[in-house]
Amino acid sequence: MIAIGIDLGTTNCALSFTDSASEPPRPLPIPQVLAPGEVGPRPLMPSFLYFPAPGQFAPGSLALSWVPGARDVVGTFARSQGATTPGRLVSSAKSWLSHAGVDRSGEILPWEAPEGVPRVSPLEASARYLAHLRAAWEQAHPDDALDDQEVVLTVPASFDAVARELTQQAAMLAGFEEPPRLLEEPQAALYDWVAQRGDAWRDEVSVGDVILVVDIGGGTTDFSLIAVREEDGTLELERVAVGDHILLGGDNMDLALAYTVRAQLEADGKSLDDWQMRALTHGCRAAKETLLGEDPPEQCPLVVPSRGRRLIGGSLRAELSRATLNAVLLDGFFPEVAVDARPQTPRRVGLTTLGLPYPSDAAITRHLAAFLGRGGDGDGFVRPTAVLFNGGVTRSPLVRDRIMGILTAWLTEHGAPAPTVLSGTDAELAVSRGAAYYAWARREGGVRIRGGTAQSYYVGIERSELAVPGIPPRVDAVCIAPFGMEEGSEVQLNQVFGLVLGEPVSFRFFGSSTRQDDDVGTTTTVAPLTELAPIETTLDGTEGQIVEVRLHARVTEVGTLELSAVAAQPDDDQRWKLSFDVRGQD
Amino acid sequence: MEPLGFGARLWLALVLPFRVLFDGQLAARIDGVDDAPPALPPEPEPEPEPIEAEPETTSALQLLTLFQREGRFVDFLQEDVSGFSDADIGAAARVVHEGCTRALRDVLTLAPVRSEDEGAAVELAAGYDASRTRATGNLVGEPPFRGTLAHHGWEVTKISLPTLVEGHDPSIVAPAEVEIQ
């Protein structure tokens, strides 16, 4: 048996594997189209899908050994080509997968693509990336079919039940025989740390510690809290809280820098076209990495090459100084704020577009303050004792120091000790490697992080009141699955519903990552909850007959939530599966 | 003397013009290479294999394509630098340097031939590998020779060029680009 971990990322995918306890998981080089006619392996596969115009590339030049007649392309070339032709590029499919405002199984990507461009659903795009990873595996390991191995697929901790279910469906679309097990990315990062540390990890943390996982990737930021507990005399890890999915990451930082430099250039009377702006953004990324790295210079020269062949005559020169970087990046994205700071929400504009729900406040530290402020006792915030960083941005010592400085200030102000940093993981490969470690630990034994469901879930039930014309009936939310339900457990709602057979029935469905104390049956208003996709089913049976049912919620072995209606009569064991309607609501 | 492998030759051929251009000391050394007395072989060398009439060119073109795509290498060499200031050339060299370094890292792994620091004292024992280490200067008598390391040498330890699909024309080092309005 080989243990395989797949990181289906917003901007990059990776697959790592291990077949022994002594060897840490290693990444699979993923063959991908690098340019028309050229195929080569890379450790990461950019999560981009590009649809060429007819005749844009020579026939057969996008061929892979497993798709000789490929007409579109994923990976490195999709990303670089898509940068010059954005209307034909599918990007951030994963963020769309968790966006309840659109039809996630509908052909909506590339978002706002011009007429005539092929489109796919977020589900299909994700399936394409998984199918590519799958084929890369099969090619490299023809004797070890993927379906015979222990496969773990990672999802953001903030993914709700619907997005998790869709991730599974994407895997099935990609040809997996069995749905792979799901694992939350911050947990995977922590598993990687445990794997790197070996048994020594138990010496670095102790009972009562709370580990904050700060994951800042290319396009998203996620926070999780994992507590160190003791059970039967040994240390155990338990995931106790997850934050919201924040669409903010390294790409935003590169853009912010590029706009700043462009303003400098324009002040000097130089103008940039779109192509040069993209080149500048690339340049800013490289400069950012230099200036945020070890021993940064005072300033970093930036050259925007001309597009034409005249490289020397046509290039524009600019400079990015550390002061600018500090002002734009550290003060813009990581401002020193108080622990009671909260992300600023601007007044809602009447007309909002249906794009991805980008946050209006770019300050990651304010989002962090809000996350820590959600739980916690006394003066209202959780006090982490250790921090694990993950994601490309956190490779920078300056960014890490900034976050640690702010956290330390928050904690020491309230009499808590400064947190320590858990180091030793690779920010880009930790998730896939940790997932492979977890896959191994599941089969062969090893440390496990307990967690269960990351949200609590509710069904909406109309209040029986006198109907008032023109006013929709008020809806109560009844908790159907509490926070932290473990794999394999099942709960039922005592309330009995009379449902008509032969007709489609639908319930409104809500989730919350903050209400951790609600039990099954707890009734609340819908205001503090996030509405997810409705759940629906058609109860087959004699049409028109009414049957009394109870709602059941079960967490499957692979980590998805399964809802069903079960006949309430004790002698009747009929069961109807409820499924999510992901076609999007308005 | 063993001939260098193709990869090493290609690398040398690509990089030397560059280094000669910017590194006066190296240029001086290379200028002296032809005048240096030949190393005395301990035994008659075997006849070198005849060079193939037509060397395989695809991988050379591939590397050139890569350097052009990532670092505008061909643009840089094809431009007449005489009219530009050093500052302008320097700025362009950054583009070339950054991109070509990245391209290089992607396809091949380079290691020094000798691990000693440049300037360190080095002894060449009898039967040393003349393809890996070249002795210059006051070469008299038989090895061992004593000297200082002038250049640690470069060796390609691993090369993995992208595979090409059937029918791909490698001689298009950079396609013409047309921006559709």
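Predicted model: local features only at pLDDT ≥ 70, side-chain atom pairs only at ≥ 80, totals over all residues.

Residues are numbered from 1 along each chain as its sequence is written, while chains are lettered from A and ligands numbered from 1 in the order in which they are written.

**Stop one: where the chains touch.** Select chains A and B: 20 residues of chain A are in contact with 22 residues of chain B (C-beta atoms, placed from the backbone, lie within 7 Å). On the chain A side, the elements giving two or more residues are strands S4 (30–35), S5 (38–42) and S15 (299–304), plus helix H9 (311–314). Helices here are DSSP runs of H or I with at least four residues, strands are runs of E with at least two, and both are numbered from the N terminus.

Now pick S5(A) and strand S5 of chain B (residues 163–164), which pair in the antiparallel sense over two bridges (pairing takes at least two DSSP bridges). Click A:Glu38 and you'll find its bridge partner in S5(B), B:Leu164.

**Stop three: two helices.** Select H7(A), residues 250–267, and H8(A), residues 274–292: their axes come within 8 Å and cross at roughly 115°. Axes are lines fitted to C-alpha atoms over the stretch in contact, with angles from 0 to 180 degrees between N-to-C directions. So H7(A) is roughly perpendicular to H8(A) (65 to 115 degrees). Among the residues that meet are A:Leu257 in H7(A) and A:Cys284 in H8(A).

Conventions. Contact = placed C-beta atoms within 7 Å. Parallel < 35°, antiparallel > 145°, perpendicular 65-115°, else oblique.
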